[in-house]
Amino acid sequence: MPNLSFYLSEELFEHMTDVSSLTQDCQSLCVEHLGAEMEKVHIIYISVKSGCGHPIYVELIYRLLASRSPEVMTSFMHKLDQIIQKTLGAIPRIRCFGYPHQQLYAYH
C-alpha cells in the first residue's frame, strides 16, 4: 500500500538522469522497514514549479498498522532522508500520512 510521491522542482527534475536506483532503494526501504509487499509499493516522481521551500517534497501515504509505530516511522523518514540526500544531493521535506484500513478504499 505505501504510496511514495516525490514532488521535485523543475530544475532538479531536469537533472535526474536515472531514477531506477532511487526507486529500488525506496522500494526496498518500504519492504524492509515498513513490512510492505513489494508489488504493493507505488513510487511516483512529479515535476513541479516551486514557489518556496525545499526543492524536494516527499509524501508517504500508508496504512496504519501496529508495527508502524512512531519510532518505526521516524526511523523510516531518517533513512529515506539519507537515501534522497545521497542520490539527489538535496535536503527533502518529508511528510507521512497514515490511515486506518477502514478509511482506505482501493480499486486495482
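Reader: What percentage of the 108 residues in the chain is buried?
Author: The model is a predicted one. A residue counts as buried when its relative accessible area is under 20%. Of the 108 residues in the chain, the share that is buried comes to 31%.

Reader: In what order do the elements of the chain run from the N terminus on?
Author: The chain holds 3 helices and 4 strands. Read from the N terminus on, the order of these elements is β-α-α-β-β-α-β.

Reader: Why is the chain as compact as a globular protein of that length?
Author: For 108 residues the globule rule gives 13 Å. The chain is as compact as a globular protein of that length because its radius of gyration is close to that value, at 14 Å.

Reader: What does the C-alpha trace span along its principal axes?
Author: The span refers to the C-alpha trace of the chain, taken along the principal axes. The values are about 40 × 25 × 25 Å.

Reader: What percentage of the accessible surface belongs to carbon and sulfur atoms?
Author: The accessible surface of the chain amounts to about 6900 Å². The part of this surface that belongs to carbon and sulfur atoms is 54%.

Reader: How far apart are the mean positions of the positive and negative charges of the chain?
Author: The chain carries 8 positive and 11 negative charges.

Reader: Which element gives the most residues to the largest nonpolar core?
Author: The largest nonpolar core has 26 residues, and those with the most contacts inside it are Phe6, Ile56 and Leu80. Two or more residues come from each of strand S1 (3–9), helix H2 (20–34), strand S2 (42–48), strand S3 (56–63) and helix H3 (70–88). With 6 residues, the element that gives the most to this core is H3.

Reader: Which residues does Ile56 touch, not counting those up to four places away in sequence?
Author: Ile56 is one of the residues with the most contacts inside the largest nonpolar core. Beyond four places in sequence, Ile56 touches Phe6, Tyr7, Leu8, Leu12, Ile84, Leu88, Ala90, Ile91, Pro92 and Arg93.

Reader: Is Met16 buried or exposed?
Author: Met16 is found in the loop between helix H1 (10–14) and H2. Leaving aside neighbours within four places in sequence, Met16 is in contact with Leu8, Leu22, Tyr45 and Leu88. The relative accessibility of Met16 is 16%, and the cut-off is under 20%, so Met16 counts as buried.

Reader: How far apart are the C-alpha atoms of Met16 and Leu88?
Author: Leu88 is among the residues in contact with Met16. Along the chain the two are 72 residues apart, whereas their C-alpha atoms are separated by 7.8 Å.

Reader: Why does Asn3 count as partly exposed?
Author: The place of Asn3 is in strand S1, and its contacts beyond four places in sequence are His42, Glu59, Leu60 and Ile61. Partly exposed residues lie between the buried limit of 20% and the exposed limit of 50%. Asn3 counts as partly exposed because its relative accessibility is 26%.

Reader: Which residues does Cys96 touch, not counting those up to four places away in sequence?
Author: Cys96 lies in strand S4 (residues 92–99). At 22% relative accessibility, Cys96 counts as partly exposed. Beyond four places in sequence, Cys96 touches Leu60, Tyr62, Met73 and Met77.

Note on methods: Residues are numbered from 1 along each chain as its sequence is written. This is a predicted model: local features need pLDDT of at least 70, side-chain atom pairs count only at pLDDT 80 or more; totals for chains, interfaces and linings use all residues. Side-chain values use heavy atoms; hydrogens and water are left out. The radius of gyration is taken over C-alpha atoms; the globule rule is 2.2 Å times the number of residues to the power 0.38. Buried means under 20% relative accessible area, exposed over 50%, partly exposed in between (1.4 Å probe, protein chains only). Accessible areas come from the Shrake-Rupley method with a 1.4 Å probe; for residues, only the protein chains shown count as cover. Lys and Arg count as positive and Asp and Glu as negative; His and the chain ends are not counted. The place of a charge is taken as NZ of Lys, CZ of Arg, CG of Asp or CD of Glu. A nonpolar core is a set of buried Ala, Val, Leu, Ile, Met, Phe, Trp, Tyr and Cys residues joined through side-chain atoms within 4.5 Å. Contact means heavy atoms within 4.5 Å.
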